[in-house]
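Here's a quick briefing to read alongside the model. Have the viewer open and follow along.

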Amino acid sequence: MSLKQERFGSDKQGNPVTQFILTNTNGCRASLLDFGAIIQSLWVPDRNGELADVVLGYPDMTGYLSANNPRHGATIGRVANRISQGRFTLDGEIVELAKNKDPNHMHGGFVSFDKKLWQAIVLSDGDEPSVRFTLVSKDGEEGYPGGLTTHLTYTLTADNALRLDYEAVSDRTTIINLTNHVYFNLRGHNAGVIGDQLLTIHADQFTAIDETCYPTGEIRPVAGTALDFTQPKTIGQDIDNPEAQMAYARGYDHNYVLRGYQGRQADPVLLACALVEDPLSGRTMSVETTSPGVQYYTANNMRPGELGKDGAKYQVRGSYCLETQYFPDSVHHENFPSIVYQADETFRHTTVYRFGVRK
């Protein structure tokens, strides 16, 4: 077990970016950046004990600073996902946000949390190495009310899990919905093939979208649709299904309503979220979260031939995201769990990506 720190380059302002390399007793290792609190790599074993990096990303800061970066491995905030028309009403007043996906607001705005340099503290370099990243977002940044202090702790556990613990507190009433936008491929980040990997999502419902991929507010059953992953199913089985929900997103880009969510709690309970299995390598990834939803996205908008680590050319539908979070555009749908947090109320969110093998 170990925790190393290395220079990874510089941000646009010339500030040094540090890479934190966490290794557990099994040889699994995770590379994290203080820029964007990014998961840069994650090496886990297959059924033969061979390690492979299962998250997409870049070998240096040039890629992460590129306008074409689809937020590889990045922490997303202050609010992940979509806010239609880039505005919402809070305490009777209209709040105008940055419209970085004009006329809408997406993933926190133009200079969101994934483009910020975080402060980092090593919490443990023992059996379960851990790093805590901290970011202070000022009142009014990207239009959001309140100064927000966010802590994100990454822990690489002894049983080959990467655990993410988020806490955030604002000095004014605001909205908060944090997640990570890591792209996975259990066969290896450069494998380019996901269609035969098996997926289970522990959800009986999803939030329907319109032709712009924004929620309509309707919560529908997955039964009888291409979005049904209540039993293990290959990712590719229904990805080209012509039904409207699939056509709108050109694949999967949908929020699933997880079973068992009991509302906001001081001590949130981890829920089973998803399970992915790669039959070729034997690798498995189970996902647990305290959030009510997960956005399942099959990289439908990836730029073909996007150059990544090891000279890899990333492909459309060559990876997938399982972004644990509140529902998209929650501020416009009263039937969705609220993302409004009062001044000094603590936002808490934990997600665990746990890796194993099938023999």
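Is Asp139 buried, partly exposed or exposed, going by its relative accessibility? Asp139 counts as partly exposed, at 46%, where buried means under 20% relative accessible area, exposed means over 50% and partly exposed is in between (1.4 Å probe, protein chains only). Before going on, note that this is a predicted model, in which local features need pLDDT of at least 70 and side-chain atom pairs count only at pLDDT 80 or more, while totals for chains, interfaces and linings use all residues. Residues are numbered from 1 along each chain as its sequence is written, and side-chain values use heavy atoms, with hydrogens and water left out.

**Salt bridges**

- The count comes to 20 salt bridges, each being a side-chain nitrogen of Lys or Arg within 4 Å of a carboxyl oxygen of Asp or Glu.
- Asp139 pairs up with Arg172 in one of them, at 3.2 Å from N to O.
- That pair links distant parts of the chain, 33 residues apart: Arg172 sits in the loop between β14 (161–170) and β15 (174–175), and Asp139 in the loop between β12 (130–137) and β13 (148–156).
- Glu277 and Arg358 form another salt bridge, 2.8 Å from N to O.
- Because Glu277 lies in strand β22 (residues 271–277) and Arg358 in the segment after β29 (346–357), this pair ties together parts 81 residues apart in sequence.
- Here Glu277 counts as buried at 13% relative accessibility, whereas Arg358 is partly exposed at 44%.
- Arg354 meets Glu288 in a salt bridge of 3.2 Å, N to O.
- Arg354 is in strand β29 and Glu288 in strand β23 (residues 283–289), so parts 66 residues apart in sequence get tied together.
- Arg354 is partly exposed at 26%, and so is Glu288 at 21%.
- There's also a network of salt bridges linking Arg71, Asp114 and Lys115.

- Strands β18 (residues 203–209) and β21 (residues 253–258) run antiparallel and are joined by four bridges.
- Thr207 stands opposite Asn255 in β21.

Definitions and conventions. Pairing = 2+ DSSP bridges. Helix = DSSP H or I, 4+ residues; strand = E, 2+ residues; numbered from the N terminus.
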